[in-house]
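This report is written for a reader new to the structure shown below.

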Amino acid sequence: MPVLSHALERLLEAYGPRGWWPLPSRADEPGRDDEGYLRGPSGTAPADDPACRFEIAVAAVLAQNTAWRGAAVACRNLWRAGLLSPEAMATSSPERLSELVMPAGTFRIKAGYLRAMAAEWPSIEASAEPTRERLLGIDGIGYETADCILLYCFGVPVFIADAYARRILSRTGLVGSCDGYERVRRIAEASLPQEADYLCETHALLVEHAKRHCKARPDCKDCPLAPSCDSYDEGSQRG
Ligand code: SF4
């Protein structure tokens with residue numbers, strides 16, 4: 001059975017640091033590229049940058065069940081409209097917010113989620129360290145979104161066991177194919193360093209790997225994990 005940390009080393013070697021979390025409103029600022037990714041390793045939001053934390057949380061909601069491209073456009077729309085702050089967002093009209101986040105899909109639902117989170121955000125920021133339970137109590141925030149917020153906004157060392165991670169870990173034999181979010185999270189956390197920056201890069205690398213090779217229909221040719229993967233399919237081809 002492969003070791004998760006060794007698999008991550010191979011992904012880092014193959015893809016390089018991913019520079020998460022991208023902030024569309026800060027594209028081309030010093031240290032970021034034209035899409036808002038960090039030029040260098042992934043990491044947590046600076047402790048003294050509440051605007052950065054809120055944008056990450058908003059983007060985590062917008063990215064639910066959609067491609068990042070649409071979430072990034074929606075995030076930029078909010079920024080240009082001056083609504084990328086908890087105060088402005090919580091008091092914005094549902095119609096205006098829906099219109100701006102349309103590129104992220106299910107826009108009326110996501111606008112409602114964003115208003116609910118924005119209303120709670122000041123008290124979340126005021127807490128010494130937000131808990132999962134606190135975040136899960138907000139309408140529209142499930143395990144994955146809560147863990148993205150905990151890790152990238154507040155530096156809480158959690159493994160994000162999203163669908164990409166579960167797919168890769170089950171195919172490589174690290175977890176069972178029927179294991180759910182919480183079980184995969186616990187298994188991964190037990191075998192990885194409990195360091196926030198490490199886990200930020202881990203999530204970003206797994207997303208990259210799921211997009212490049214370990215897709216719904218895997219493309220195993222030249223996969224960096226092929227030598228130790230239980231599901232390697234020598235017949236798979238780039239489509
Ligand atoms: S070898 Fe194939 S199934 Fe295994 S991790 Fe790579 S792409 Fe996924």
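A helix axis here is a line fitted to C-alpha atoms over the stretch in contact, and an angle between two axes runs from 0 to 180 degrees between their N-to-C directions. The model is predicted.

**Helix packing**

With that in hand, take helix α2 (residues 50-62) and helix α8 (residues 143-154): their axes lie 9 Å apart, at an angle of about 160 degrees. Angles over 145 degrees count as roughly antiparallel, so α2 and α8 are roughly antiparallel to each other. Their crossing is right-handed.

Helix α2 also packs with helix α6 (residues 107-126), where the axes come within 10 Å and cross at roughly 150 degrees. The pair α2 and α6 is therefore roughly antiparallel as well, and the crossing of α2 and α6 is right-handed.

A further pair is α1 and helix α11 (residues 196-212), with axes 10 Å apart and an angle of about 70 degrees. Angles from 65 to 115 degrees count as roughly perpendicular, so α1 and α11 are placed roughly perpendicular to each other. The crossing of α1 and α11 is left-handed.

**The ligand shell**

How many residues surround the ligand, and which are the closest? The shell holds 13 residues, and the closest are His209, Cys214, Cys220, Cys223 and Cys229. By type, the residues around the ligand divide into 7 nonpolar, 4 polar and 2 charged.

Buried means a relative accessible area under 20%. Cys214 has 10% and so counts as buried, and Cys223, with 15%, is buried too. The structure holds 0 disulfides.

**Single residues**

| Residue | Relative accessible area | Class |
|---|---|---|
| Leu114 | 0% | buried |
| Ala27 | 26% | partly exposed |
| Asn65 | 84% | exposed |
| Asp222 | 58% | exposed |

Leu114 is placed in helix α6, the helix that crosses α2 at roughly 150 degrees. Along the chain, Leu114 and His203 are 89 residues apart, and their C-alpha atoms are separated by 23 Å.

The loop between α1 (4-15) and α2 contains Ala27. The peptide bond leading from Trp20 to Trp21 is cis, and its omega is near 5 degrees.

Which residues other than glycine have a positive phi? Asn65 is one of them, with a phi of about 55 degrees. Asn65 lies in the loop between α2 and α3 (68-80). Exposed means over 50% relative accessible area, so Asn65 at 84% counts as exposed. Asp222 also has a positive phi, near 65 degrees, and is not a glycine. Asp222 is found in the segment after α11, and its relative accessible area of 58% makes Asp222 exposed.

Methods
Residues are numbered from 1 along each chain as its sequence is written. This is a predicted model: local features need pLDDT of at least 70, side-chain atom pairs count only at pLDDT 80 or more; totals for chains, interfaces and linings use all residues. Side-chain values use heavy atoms; hydrogens and water are left out. A residue is near a molecule or strand if one of its heavy atoms lies within 4 Å of it. Ala, Val, Leu, Ile, Met, Phe, Trp, Tyr, Cys and Pro count as nonpolar, Asp, Glu, Lys and Arg as charged, and the others, Gly among them, as polar. A disulfide is a pair of cysteine sulfur atoms within 2.5 Å. Buried means under 20% relative accessible area, exposed over 50%, partly exposed in between (1.4 Å probe, protein chains only). Helices (H or I, at least four residues) and strands (E, at least two) are DSSP runs, numbered from the N terminus. Angles under 35 degrees count as roughly parallel, over 145 as roughly antiparallel, 65 to 115 as roughly perpendicular and the rest as oblique. A crossing is left-handed if the near helix is turned anticlockwise from the far one by less than a right angle, and right-handed if clockwise.
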